[in-house]
Amino acid sequence: MTDIATDDYALVKRAMQGSKESFELLVKKHQNRICQTAYSFLHDYDASLDAAQETFMKAYKALDRFNPEFNFLTWLSRICVNHCLDMLRRARTAKTVCTENMDLSPDTSAAPENVIDKKETSSRIMEIVQSMPANYRTVLILKDLQDLSFGEISEMLDINNSTLRWRLHMARKLFKNLWTQKEVVYGKH
Amino acid sequence: MVNINCPIAKNLMPLHLDGNLYPDDEAALRMHLQSCPQCAEEIRLYQDAFDGLRGAKNELQSIAWPDISRRVIAGLPDSEPVEPARPRAVFRLRFAFQTAACLMIGALIGFIAFPKLTAPVPENAVDDVDISNVRTNFPELGMRINPLNQPLKEHFQSPGVMVTNVDENSPAAYAGIKQWDVITEINNCPIEKPDQLQAIFNDYHKAHKNLKFVIIHKDGKKDIYTIKLDKKD
Ligand SMILES: [Zn+2]
């Protein structure tokens with residue numbers, strides 16, 4: 001763990017001295033996790049790739065502000081989370097307009113049942129998650145979709161453990177209520 | 001073993017899902033579930049929702065991502081800080097001007113149409129909510145609370161809210177809560193700010209259920225007190 005962290009910091013230092021090869025290594029090492037994080041917020045493949053690219057570019061410009069006491073991936077993830085939330089905030093107004101004209105009735109076209117069920121389930125989950133207030137959505141994504149530890153999330157969001165426990169408590173409660181409601185609406189299960 | 005009622009059991013459920021409860025709460029919840037079909041159904045709903053999340057997590061992890069390192073490196077600025085290109089600067093200026101104009105018109109309309117509305121607080125993912133309008137007086141319990149400032153948090157080595165006043169002969173006084181006590185948890189929910197106490201209080205007061213407070217006294221000693229909320233009718 002410490003090894004990887006110091007390794008990252010060595011690369012960061014070289015990148016700061018202008019070595020783009022070092023930064024490329026950092027990108028290669030962490031891109032999967034950053035893409036995943038972006039996708040769990042945006043739920044759109046191409047937008048997530050753009051967000052990941054944007055995250056690394058922002059990180060590059062801010063390398064001098066990276067505190068070596070922290071984990072580099074946690075720091076990157078924090079930039080990514082903020083970027084994604086920003087994008088969602090900006091897209092929200094546009095989205096509200098768009099969905100009004102969209103056909104929201106469930107797609108009943110024939111398909112192997114379990115395949116479509118699995119797909120529908122996870123996109124329904126993403127829909128619910130995205131409808132939640134940002135504070136709760138963020139901790140739910142980081143804890144339950146990204147599987148990060150309490151320690152990592154506290155560091156990433158700069159909140160203490162009891163605030164985090166509280167938010168997770170509320171987030172799961174809210175998610176469960178929305179999930180149950182949704183099932184009733186669509187008559188699932 | 002403590003016997004808990006349904007609202008308390010329900011409040012324990014979210015963190016029970018992945019084993020993040022304290023052991024005695026976990027034991028109390030398990031015992032309650034054995035004798036309460038409603039809560040057993042409720043926990044099934046939680047479990048179902050949690051399984052859904054887990055499925056989404058696995059699917060998320062199975063998505064294949066391309067190598068974006070070339071894209072990233074190609075998009076990086078050169079070692080010297082780059083001046084923004086001219087057309088872009090013009091665009092930005094124009095954009096800034098348009099934004100300012102829109103804001104001014106918006107503000108004007110807002111001022112005429114909704115003179116009493118204050119500016120909306122921008123939503124921020126990591127900042128905490130504004131608590132300036134939050135209720136800090138709980139006459140139903142007979143106490144007043146205040147947020148804990150940083151030096152006090154450090155002194156008590158815990159977040160929480162401070163009880164700044166307790167009325168004589170009030171439920172709080174009967175329960176044993178004293179002035180300058182710090183409330184750190186209620187019914188297993190960590191309390192960090194007055195609005196959290198308010199949320200829990202509303203839930204439980206409606207249901208006429210008990211509130212279990214974890215308290216740190218001035219001298220640093222910890223205690224657990226219960227306030228019984230009686231039925232009014
Ligand atoms: Zn029950």
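How much area do chain B and chain A bury between them? The answer is about 5,200 Å², with 60% of it on carbon and sulfur atoms. This is a predicted model.

**Interface of chain B and chain A**

- Chain B brings 47 residues to the contact, and chain A brings 56 residues.
- The rule finds 12 residue pairs in polar contact across the interface, both partners being at pLDDT 80 or more.
- On the side of chain B that touches chain A, five elements of chain B give two or more residues: helix 1 (6-16), helix 3 (37-62), helix 4 (69-75), strand 5 (189-190) and helix 8 (194-207).
- Helix 3 of chain B gives the most to that side, with 13 residues.
- By class, the side of chain B that touches chain A holds 26 nonpolar, 8 polar and 13 charged residues.

**Salt bridges**

- Over all chains, the whole structure has 12 salt bridges.
- Between chain B and chain A the count is 5 salt bridges.
- Arg71(B) pairs with Asp50(A) in a salt bridge, at 2.6 Å from N to O.
- Within chain A, Arg90(A) and Asp86(A) form a salt bridge at 3.3 Å, N to O.
- Both Arg90(A) and Asp86(A) sit in helix 4 (residues 72-100) of chain A. They are 4 residues apart, about one turn of the helix.

**Second largest pocket**

- Its volume is about 390 Å³.
- The lining has 20 residues, and the closest to the pocket centre are Tyr22(B), Thr184(B), Glu185(B), Val214(B) and Lys222(B).
- Chain A supplies at least two lining residues from helix 8 (161-186).
- In chain B, helix 2 (23-35), strand 4 (182-186), strand 6 (211-216) and strand 7 (222-227) each supply at least two.
- The lining divides into 7 nonpolar, 7 polar and 6 charged residues.

**Cavities**

- The rule counts 3 cavities of 30 Å³ or more.
- The largest cavity holds about 60 Å³ of space.
- Which residues line the largest cavity? They are Ile4(B), Ile8(B), Leu12(B), Asp25(B), Ala28(B), Asn187(B), Asn188(B) and Lys212(B).
- Helix 1 and helix 2 of chain B each supply at least two residues of this lining.
- By class, the lining of the largest cavity has 4 nonpolar, 2 polar and 2 charged residues.

Methods:
Residues are numbered from 1 along each chain as its sequence is written. Chains are lettered from A and ligands numbered from 1 in the order in which they are written. This is a predicted model: local features need pLDDT of at least 70, side-chain atom pairs count only at pLDDT 80 or more; totals for chains, interfaces and linings use all residues. Side-chain values use heavy atoms; hydrogens and water are left out. Contact means heavy atoms within 4.5 Å. Buried area is the accessible area (1.4 Å probe) that two parts lose on being put together, summed over both. A salt bridge is a side-chain nitrogen of Lys or Arg within 4 Å of a carboxyl oxygen of Asp or Glu. A polar contact is a pair of N or O atoms within 3.5 Å; within protein, one must be able to donate a hydrogen and the other to accept it, and residues adjacent in sequence count only if both atoms are side-chain atoms. Ala, Val, Leu, Ile, Met, Phe, Trp, Tyr, Cys and Pro count as nonpolar, Asp, Glu, Lys and Arg as charged, and the others, Gly among them, as polar. On a 1 Å grid over the protein atoms alone, a cavity is a set of points where a 1.4 Å probe fits but cannot get out, and a pocket is an open set with protein on both sides within 12 Å along at least five of seven lines; lining residues have an atom within 4 Å of a point. Grid points are joined across faces, edges and corners, and a volume is the space filled by probe spheres set on the points.
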